[in-house]
Amino acid sequence: MSRIWAGIDSGKGHHHGLALDADGKTLLSRRVANDEPELLKLIGDVLALADGDRVTWAIDMTGGEPGLLLALLINHGQEVLYIPGRLVNRASDGYRGEGKTDARDAYVIADQARMRRDLRPMRPGDEAAVELRLLTGRRADLVEDRTRVVNRLRGTLLGIFPALERALDVTNTGPLRLLTGYQTPAAIRRAGITRLTKWLANRKVRSASSLAEAAVEAADRQHTAVPGEKTIAKLVRTLAEEVMTLNEQITEMDKLIEGRFREHELADIVLSVPGIGTVLGAEFVAAVGGSLDEFDSPDALAAFGGVAPAPRDSGKVSGNLHRPASYHRRLQRVFYTSALVSVRCDPNSRKFYDRKRAEGKKHVQAVLALARRRVNVLWALIRDRRCYEVAPPVMTAA
């Protein structure tokens with residue numbers, strides 16, 4: 001049976017679709033609007049070209065701009081492969097011509113799908129996995145925004161009051177609340193410890209007295225006002241309020257994620273594994289599409305999550321391992337972060353980590369080895385539908 005390969009170069013308002021036959025000959029090349037009637041017509045035209053033959057679609061994005069197209073393809077029972085944009089860019093250098101056009105990119109996508117055998121099929125996943133993917137993605141955006149604002153706040157405060165910037169941890173609520181009312185050394189000295197403690201306590205700041213003492217001590221170390229102090233002070237207050245707002249949004253998002261995640265059938269199993277909380281658990285479910293049906297073995301899951309090293313041997317050099325080029329970044333974060341946490345809270349993980357360190361592995365290498373081992377454990381738990389136990393039950397003879 002012959003086969004048709006259709007590549008889609010995604011865009012905001014338009015996509016470019018291109019179909020190849022088994023020999024790499026272009027059968028169709030068209031720019032279509034990101035609109036349901038036109039997308040349906042493209043799908044129909046490609047299927048008409050196939051005339052009963054197998055059609056494989058390839059696309060360079062897993063969501064966002066091509067979301068409607070992906071939904072239509074899945075609803076029509078089409079096979080869809082995902083080819084990362086990074087691979088498309090690298091492969092483009094091997095094709096004739098130097099210009100970059102949507103049609104050329106679509107051709108590269110289709111041709112790479114035709115030749116490669118390591119591309120993963122895209123599956124719809126269950127409804128909860130889709131929702132968790134959206135929620136965890138939004139949370140990641142909020143965390144990145146908070147990191148940027150916190151760094152900007154530190155830099156701005158450093159320009160006006162270096163001693164206070166060293167004394168405060170502006171990732172905590174108390175110091176942020178302080179900066180919404182007091183930003184300059186003179187203002188903190190005028191307030192004094194007693195008044196400042198009362199001001200913080202009225203706003204329900206924990207350890208108000210120690211925070212006030214640290215602020216006044218920092219103020220006593222600086223008696224010089226820098227140029228533009230009033231304007232910088234206003235910026236510090238605005239940035240502190242932005243961080244507090246982002247903290248509230250992240251907290252609210254965590255509640256939404258936890259509520260949706262705990263409704264999933266795998267929630268209790270995943271949460272039983274030491275080091276995995278609701279956020280990491282939700283990211284795991286979102287990454288695997290709600291089940292492990294796609295993974296034949298823990299090795300496949302580990303490779304997908306980037307904790308299975310790939311060989312890099314050349315000449316006389318052998319046994320050289322490195323991180324694989326293609327893997328799911330968020331899933332790797334789940335495995336690595338949970339392994340790092342489990343070293344502190346799980347005796348089995350701690351024992352395995354200590355053994356790897358005794359073998360001469362560095363800290364990161366030992367944690368990665370532990371993460372790889374925990375993939376086996378998690379995969380087996382989900383397969384058997386049972387929760388993790390620190391000490392396995394003792395089997396007694398009948």
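Predicted model: local features only at pLDDT ≥ 70, side-chain atom pairs only at ≥ 80, totals over all residues.
Residues are numbered from 1 along each chain as its sequence is written, and side-chain values use heavy atoms, with hydrogens and water left out.

Leu135 lies in helix α5; helices (H or I, at least four residues) and strands (E, at least two) are DSSP runs numbered from the N terminus. Leaving aside neighbours within four places in sequence, Leu135 is in contact (heavy atoms within 4.5 Å) with Met253, Leu256, Ile257 and Arg260. The C-alpha atoms of Leu135 and Ile257 are separated by 6.3 Å, although the two residues are 122 residues apart along the chain.

Helix α12 is largely enclosed by the rest of the structure, because 11 of its 11 residues are buried. Among these buried residues are Thr278, Glu283, Phe284 and Val288. The buried residues of α12 pack against α5, α10 (229-261), α11 (267-272), α13, α14 and α16 (363-384). Gly289, with a positive phi near 80°, follows α12.

The largest pocket has a volume of about 1,600 Å³. On a 1 Å grid over the protein atoms alone, a pocket is an open set of points where a 1.4 Å probe fits, with protein on both sides within 12 Å along at least five of seven lines; lining residues have an atom within 4 Å of a point. Grid points are joined across faces, edges and corners, and the volume is the space filled by probe spheres set on them. Of the 44 lining residues, Thr62, Tyr82, Ala287, Phe304 and His328 are the closest to the centre of the pocket. Elements that give two or more residues to this lining include α3 (85-92), α12 (278-288) and α14 (329-345), and α5 gives the most, with five residues.

An open sheet of six strands has the order β3-β2-β1-β4-β5-β6, with mixed pairing (two strands pair if DSSP finds at least two bridges between them). The edge strands, β3 (26-33) and β6 (120-121), each pair on one side only. Strands β4 (residues 54-59) and β5 (residues 79-82) run parallel and are joined by four bridges. Ala58 stands opposite Leu81 in β5.

Note on methods:
Buried < 20%, exposed > 50% of the residue type's maximum accessible area, 1.4 Å probe, protein only.
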